[in-house]
Amino acid sequence: MHPKKYSLKGTLIIATMFALVLYACSNNNSNNTAPNTFERVVVDTNPPVKPLSPEESIKKIQLPPGFHVELVASEPMVQEPVAICWDGNGRMYVAEMNTYMKDASGTGEFEPTSRIKLLEDTDGDGKMDKSTVFVDSLVLPRTILAVGDQLLVGITNVQHIWSYRDTNGDGKADEKKIVFKNDVLDVRNLEHQNGAFYWNLDNWIYPSRDNMRYKYKNGMLIADAMVDNMIGQWGLTSDNYGRLFYSEAGPGLPAVQIQQMPAYGSLNFADQYSKEFTKPWPIIGTVDAQGGREALRPEDNTLKEFTSGCGQSIYRGDRLPKDMIGDYFIPEPVGRIIKRGKVINKDGKIFIEDAYKEKDWLASADMNFRPINTYTGPDGCFYIVDMYHGIIQESEWTPSDSYLGKIIAQK
């Protein structure tokens with residue numbers, strides 16, 4: 001396995017993917033990308049599982065004309081990345097889940113050996129060249145957010161929020177304190193625990209799940225209880241107006257609770273996105289879908305419905321074509337794709353429709369490509385975190401006698 005980070009580049013466009021983070025950019029006066037001028041090509045209905053080098057993996061990616069992918073960071077600089085954030089100096093923090101699903105049984109999953117890395121680009125070439133272990137010995141870190149000189153961190157199975165600081169400038173945290181305390185253990189499956197911290201325009205920090213939001217004051221977090229539980233899972237984003245966009249992987253919902261701010265309660269409509277937007281279009285057979293053969297198209301073994309959408313983001317940068325600003329991007333790691341949606345305001349109701357017809361903005365033919373998070377970076381580019389991992393489903397759903405358990409043993 002190799003985590004990596006790339007950037008997408010073209011004459012007009014750059015995008016980059018990393019460990020994977022993919023990062024896509026263009027110059028400010030780039031033209032539109034003519035969404036339907038490229039074709040989806042299914043490469044292999046039963047692809048090999050051999051891990052590839054970052055350079056080989058990049059060649060397996062299909063994108064619209066004008067985009068290409070550039071590596072930003074990879075092993076050994078980062079391992080098993082799941083989330084990133086930047087501080088005010090443009091340095092990147094990376095949460096690594098180093099014990100996630102090393103086998104189908106999840107052996108050693110909760111051992112405290114995960115980390116948060118601090119990556120820096122010291123020569124300004126767009127590629128990370130310095131890596132420091134900022135925090136070590138964690139249990140599956142899942143949320144990171146840089147605020148001032150602090151890094152706020154949430155880990156798996158507990159509900160405290162910690163702050164880490166580097167007080168002597170060596171790139172390693174030497175101060176740790178609890179900034180929000182909740183002694184109740186989180187006994188939910190790790191897929192169902194909070195999967196994001198998002199500091200929104202209204203100056204509240206929102207999680208992806210549950211009914212709390214936080215104000216940052218004097219280095220601490222002050223909690224506010226909201227009306228309803230938010231049911232988002234992995235990832236959270238907002239548009240230029242501060243409207244939040246959640247997603248829920250379990251039932252395959254690419255966007256939930258997008259109609260109003262969560263402080264006013266949960267609101268969903270049955271028709272808040274097009275039916276086509278729930279359909280991924282992979283370019284390889286995705287036989288390792290937890291739903292089994294019924295989840296696949298019989299003609300080419302590709303995933304036919306969303307099953308694990310996560311890590312969504314609204315593109316808000318200035319380095320990609322102008323027609324991408326405000327678009328909604330959501331990875332589907334089982335499908336090895338990233339879907340692009342157009343966000344439309346229909347008389348006050350938010351609606352998302354597929355940007356392409358029966359194809360996706362990004363699709364990979366590498367069986368180990370697992371995009372699980374996306375971001376607009378401080379440089380205006382588009383970043384993708386690719387965990388580059390074989391098993392992406394947690395062990396509760398991979399027993400040896402299940403369809404997926406058998407596929408894992410076979411692959």
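Where is asparagine 203 found? Asparagine 203 sits in the loop between S14 and strand S15 (205–207), helices (H or I, at least four residues) and strands (E, at least two) being DSSP runs numbered from the N terminus. The legends below describe a predicted model, in which local features need pLDDT of at least 70, side-chain atom pairs count only at pLDDT 80 or more, and totals for chains, interfaces and linings use all residues. Residues are numbered from 1 along each chain as its sequence is written, and side-chain values use heavy atoms, with hydrogens and water left out.

View A. Asparagine 203 has a positive phi of about 70 degrees although it is not a glycine. Its relative accessibility is 39%, so asparagine 203 counts as partly exposed (buried means under 20% relative accessible area, exposed over 50%, partly exposed in between, with a 1.4 Å probe and protein chains only). Serine 137, which lies in strand S9 (residues 130–138), has a positive phi of about 60 degrees and is likewise not a glycine.

View B. The bond from glutamate 75 to proline 76 is cis, with omega near 5 degrees, and proline 76 belongs to the loop between strand S5 (69–71) and S6.

**View C. An open sheet of 4 strands.** The strands follow the order S10-S11-S12-S13 with antiparallel pairing, where two strands pair if DSSP finds at least two bridges between them. S10 and strand S13 (175–180) stand at the edges, each with a single partner strand, so one side of each has no neighbour in the sheet. S10 is joined to strand S11 (residues 150–154) by 5 bridges, and threonine 143 stands opposite glycine 154 in S11.

**View D. The largest pocket.** This pocket has a volume of about 960 Å³; a pocket is an open set of points on a 1 Å grid over the protein atoms alone, where a 1.4 Å probe fits, with protein on both sides within 12 Å along at least five of seven lines, and lining residues have an atom within 4 Å of a point. The volume is the space filled by probe spheres set on the points, which are joined across faces, edges and corners. Of its 46 lining residues, the closest to the centre are Tyr100, Glu191, Val334, Ile392 and Gln393. Helix H2 (residues 403–410) gives the largest share of the lining, 3 residues.

**View E. The second largest pocket.** About 640 Å³ of space lies in this pocket, and of the 29 residues that line it, the closest to its centre are Ile84, Trp86, Tyr198, Tyr375 and Thr376.
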